[in-house]
Amino acid sequence: MNMKTMLVLLLLALATIFALVCVLLTRARAPGACQQQPSAQEEADDGHSRVFADLTPEELAQVVQYLRGSLGVPLADAARAKPSDNCIASVDVQLPAKAEVLRFLDAGGARPPREALAVLYFGAQAEPNVTEYVVGPLPAPTYHRDVTVQKYGGKVPYHRRAVTGAEYAAINELIQKELRKAPRFLAACCASDGTDLATITTAPRGLKSGDRTTWFVLFHGIAGSGYFVLPVGLEVLVEHGPLDVSQWYLCQVFYNGRYFPSIAELENAFVTKSLKVVVVQKPQEDTVLGSMRPLHPPGAPGPLQFEPQGPRYSVRDNRVTYQGWSIAFGMNPNTGPRLFDIRFRGERIIYELSLQEALALYGSNCPGGMSTRYLDGSFGIGRFAYELVRGVDCPYLATYVDRHYLSESDVPITNQNSLCIFEHDTSLPLRRHFSDAHSLYYGGLRKNTLVIRAVSTLINYDYVWDFMFYSNGAVEVRVHATGYISSSFLHDQGTNYGNKVGPHTLGTMHLHHIHYKVDLDIDGQLNSLESHDMGYQTMRVPWSPENALQQPYLRRERLERENEAAFPLNASLPRYLSFTGPKPNRWGHLRSYRVQVVSFPGEHLPTSSPMEKAISWGRYKLAVTRRKEEEPTSTSVYNQNDPWTPTVTFADFINDETIANEDLVAWISVGFLHVPHAEDIPNTVTVGNGVGFFLRPYNYFDEDPSLYSPDGIYFSSEQGVGACGANSLACLPAATCAPRLSPFQYGGFVNISLGPPLGGL
């Protein structure tokens, strides 16, 4: 073998070895999927957060089985129950008393028994009513106790119950039967025989306590598009109070500014040419107003957010941990997202953070719009939080969690992937400084946040609920509104109540007001409320007494009683309003958390309104009260259908009790006025339609706790910027793994039945 041949073989061997090394290195650096990072908090999890957990499908089924065998009365399936039947309306977890939970979490006490709250409609009794039972212990119930009188001071009148899907179906059948009495009118006005018209409910149902009459607004129903912006001008008032469905009837009919006692009278007015008809052609699917079909073909995909070394948060059961944060999460079928036992760096800051209610109050010159005050909790904010769409509703690689509920059914229902959890890079520094004086250096920290999100679709509106947790110990709560506007038929002076957004469509003005409960525990349960604000004082210049200057100074005040801490909705809050604990930080200031509200609400319903008490929480931007077990929520699902005699009146919570060194709750209202405009077609956008509040540390720490974040960056002119020990960004090429994207899938249509709508919000 000559020298030339040996050199060729040697080069081939070296090339082979180099190729094998490259393959091995590539495999080592790219495991194929980004693995979740281990968490010390996860390893220390002892299951204590389960005390707050939503009921499992198995537990829900056990409660139904127990009630069917223990109440001694026949129970119809709520999915098909008539008003004259008994049925199980809903089942949810019954949370233990706070004192009992804290004994378990903090003092080694016994785990509280796991219980459920069951709501039953008793229509087959001499005095029909709504009754609530606590059922336990789970998972094998052996007892139930009636808590209705204890909670509400008496039985809940039957007319206050929510309208069920079966009731809506019966109403829709009645409307369709009546529409057949006006064939010539429908053909002329709407190019319809009535069967292709869609209806939307209004609420409340009537004008006084005991009523159960509802206006239904009719629209052109076009498959694959939002019919909410296609009114035909026809609205009907249905009496559906009697337990016997055969006794239901249409009380009144409204069309194009005129009222009629019946559909037959409307048809007669058309036939005798005494009715002015506005012809509304049936829209075509490809040109329909409000279609969400894109007008541009898909382009190149946008940026994709992923974790270079896998998720840095951990989700186990109902608990998520992230960079010092620990949060127990859940979903109330009525009121939506709820968080408990929120801790930062091992210390509990918030015992409960929960959504309470969402109000949408409309104006119009049509009866449906002018009478509408939707309380979305009665429809089901959590129940209608459907599956989230990857890459749009949440980042593609977020963690998706199923939620289970039992409402209007004897069988538990799962909304899969209906809550998402992800770490979000806001592309903004949390803090930074570039020094060009004395010495050259740079220090900074990315503003990353852990996000817990759900989206509720309440017929036409979609609410995006966000709860965000930052590395400086701050919490942000935010809601965005999107989806379709609700609308009225444009006639006469309709633009006094909104803007024209289609040939016959009035986008009706309305306000969105949202209410939250925040049970802060700052350095323990006993807290006080302090305000810090500014003033100016005129003073002589010490080094030049003949001159004066106006100097800002800090005004400090402790608020002693509930009435002092009830701030009207559109009044200014003190610029710094803080929950203070009993102990000082290193610098002698009481450890505190500041409440900062970011909101631009409309005007609250005047207190002279006979239904205002039902939404009296809306009087206040912020109200701080003493925490009481008998005041768990600011409203009730029963307030919607009887706002004139509300089951829960929040204003009664404020009775001038002392709030110094007590267990306190902050009740926060946020919202905005929405005057629909052309750009709300097809949908309202989230840009500019987001409101919320912050909970920020204020002397709670001795310094900014984000100094302990692993994302901090610091380098100077005297050191290389490429050192991994000082700059984690320098390590990205070696640390990055390629995310393995699962195929896009969506199952959110699986459990949806296309019956009559449960309400147009």
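UniProt, in an unreviewed entry, puts "domain: Copper amine oxidase N2-terminal" at residues 74–143; UniProt positions follow the numbering used here, feature names are shortened, and annotations may be inferred rather than shown by experiment. This is a predicted model, where local features need pLDDT of at least 70, side-chain atom pairs count only at pLDDT 80 or more, and totals for chains, interfaces and linings use all residues. Residues are numbered from 1 along each chain as its sequence is written, and side-chain values use heavy atoms, with hydrogens and water left out.

Back to that annotated span: the end C-alpha atoms of residues 74–143 sit 18 Å apart, and the stretch is 13% helix and 37% strand. Helices (H or I, at least four residues) and strands (E, at least two) are DSSP runs, numbered from the N terminus.

Now for a sheet. Three strands make an open sheet, ordered β22-β24-β23, with antiparallel pairing; two strands pair if DSSP finds at least two bridges between them. The edge strands, pairing on one side only, are β22 and β23.

| Strand | Residues |
|---|---|
| β22 | 487–489 |
| β23 | 498–502 |
| β24 | 505–508 |

β23 and β24 run antiparallel and are joined by 4 bridges, with Gly502 partnering Thr505. A hairpin through 2 residues links β23 to β24.
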